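Please look over the sequence and the model shown here before reading the notes on charge pairs, surface patches, loops and contacts.

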Amino acid sequence: MAYHYLIPLVFSKPVGYEMSLAVPGALIAKRLAERSARVQVEVRATIDGSLVFEEVRQIDFSDPAAAAGVEEFSIPAKSDADDGLQPGFIEVEILNPDGKAVFSTKAPPELYGLYFREGRQSFRADGSYKFGAPSVIASVAENKAFVESYPVICIDLERGCLESLSLVNPYTRALLVSGKTADGREFKRTRVAARSAVKLDLTKLLRPGETRLDTRLQITATNRVLTYHVRHDGLSVPYISDHEHLDIFRSDPTHTPLSLYLRERFARTLKRRYGIRISE
């Protein structure tokens, strides 16, 4: 089966940071069923429901040099006048501009954005599937709800070690997010408007008089929400030291017998290389 697009990716857009994204032609070429295809790469940044950046480029793979090239996109930061407002998100779409089925898979390449700000340490972070993440689908099917979790939350006010969540809603309907820690703390139910992102300050989990918290956090939501866990200091434009996805809560087994693993791998190889399907 062939497709006219790859699943779009969504990246977080922290306040005050610029982002550079490299899209190697070689990673796209590996996914092409039609080697001489034209491919369009679209990069958009959205904040509070408004488009703030857009760039569209086409790559003609009939040119042998196309696969060796790298498309570099530079997404600017919000101005200092906007510091302290909500984060945004960046969408990356890779498709055929004529709607032709030129891809042998819908799986996008793994891309990492480089985030930087003058006077700060830079960091890299990968994107998340906008649609069709298999682990999300399996989790919702099993639990009848969207659930994500992160193994450890560690906040220390005396050392200036703070944490927050960036909750990204790239869809056209608002959603509600709730959270609860392993020791029973909860944060107020948070609304994330359509096509928007919200910074959720996890210091709100501290009880009066507390300066440190070590716990685990799990969130649930009325729809899928792309969640990023951010470690930072207490500045108005935070100095970010770590920026990662939350982990999908999985209730299904994470290990399979070796014989079943080899059978599934063999079946995938037959399907991908030769278009042959075998029964489950």
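This is a predicted model: local features need pLDDT of at least 70, side-chain atom pairs count only at pLDDT 80 or more; totals for chains, interfaces and linings use all residues.

The briefing below covers salt bridges, surface patches, loop residues and contacts in turn.

By the rule applied, the count comes to 16 salt bridges, and four of the residues concerned, Glu 42, Arg 44, Glu 54 and Glu 93, are linked in a network.

- Glu 42 forms a salt bridge with Arg 44 in which the closest N and O atoms are 2.7 Å apart, and both Glu 42 and Arg 44 are buried.
- Arg 44 counts as buried because its relative accessibility is 18%, which falls under the 20% limit for that class.
- Glu 54 also forms a salt bridge with Arg 44, with the closest N and O atoms 2.9 Å apart; since Glu 54 lies in strand β4 and Arg 44 in strand β3, this pair ties together parts that are 10 residues apart in sequence.
- Glu 54 is partly exposed, as its relative accessible area is 43%.
- Glu 93 forms a salt bridge with Arg 44 as well, and here the closest N and O atoms are 3.5 Å apart; because Glu 93 lies in strand β6 (residues 88-95) and Arg 44 in strand β3, the pair ties together parts that are 49 residues apart in sequence.
- Glu 93 is partly exposed, with a relative accessible area of 23%.

**Loop residues with positive phi**

- Asp 48 has a positive phi of about 50°, although it is not a glycine, and Asp 48 lies in the loop between β3 (38-47) and β4 (50-60).
- Asp 48 counts as partly exposed, because its relative accessibility is 45%.
- Arg 195 likewise has a positive phi, of about 55°, without being a glycine, and Arg 195 is found in the loop between β13 (186-192) and β14 (196-201).
- Arg 195 counts as partly exposed at 23% relative accessibility.

- Tyr 171 is found in the loop between β11 (162-169) and β12 (175-181), and Tyr 171 is buried, with a relative accessible area of 16%.
- Not counting residues up to four places away in sequence, Tyr 171 touches Lys 130, Phe 131, Ala 194, Arg 195, Asn 223, Arg 224 and Leu 226.
- Tyr 171 and Ala 194 are 23 residues apart in sequence, while their C-alpha atoms are 5.7 Å apart in space.
- Thr 46 lies in strand β3 and counts as buried, because its relative accessibility is 3%.
- With neighbours within four places in sequence left aside, Thr 46 is in contact with Leu 51, Val 52, Gly 88, Phe 89, Glu 91 and Arg 195, and Arg 195 is also among the residues that Tyr 171 touches.

**Asp 183 in the loop between β12 and β13**

- Asp 183 is found in the loop between β12 and β13, where Asp 183 is partly exposed, with a relative accessible area of 36%.
- Leaving aside neighbours within four places in sequence, Asp 183 is in contact with Arg 207, Leu 213 and Thr 215.
- The C-alpha atoms of Asp 183 and Ala 77 are separated by 37 Å, and these two residues are 106 residues apart along the chain.

Note on methods:
Residues are numbered from 1 along each chain as its sequence is written. Side-chain values use heavy atoms; hydrogens and water are left out. Helices (H or I, at least four residues) and strands (E, at least two) are DSSP runs, numbered from the N terminus. Buried means under 20% relative accessible area, exposed over 50%, partly exposed in between (1.4 Å probe, protein chains only). Contact means heavy atoms within 4.5 Å. A salt bridge is a side-chain nitrogen of Lys or Arg within 4 Å of a carboxyl oxygen of Asp or Glu.
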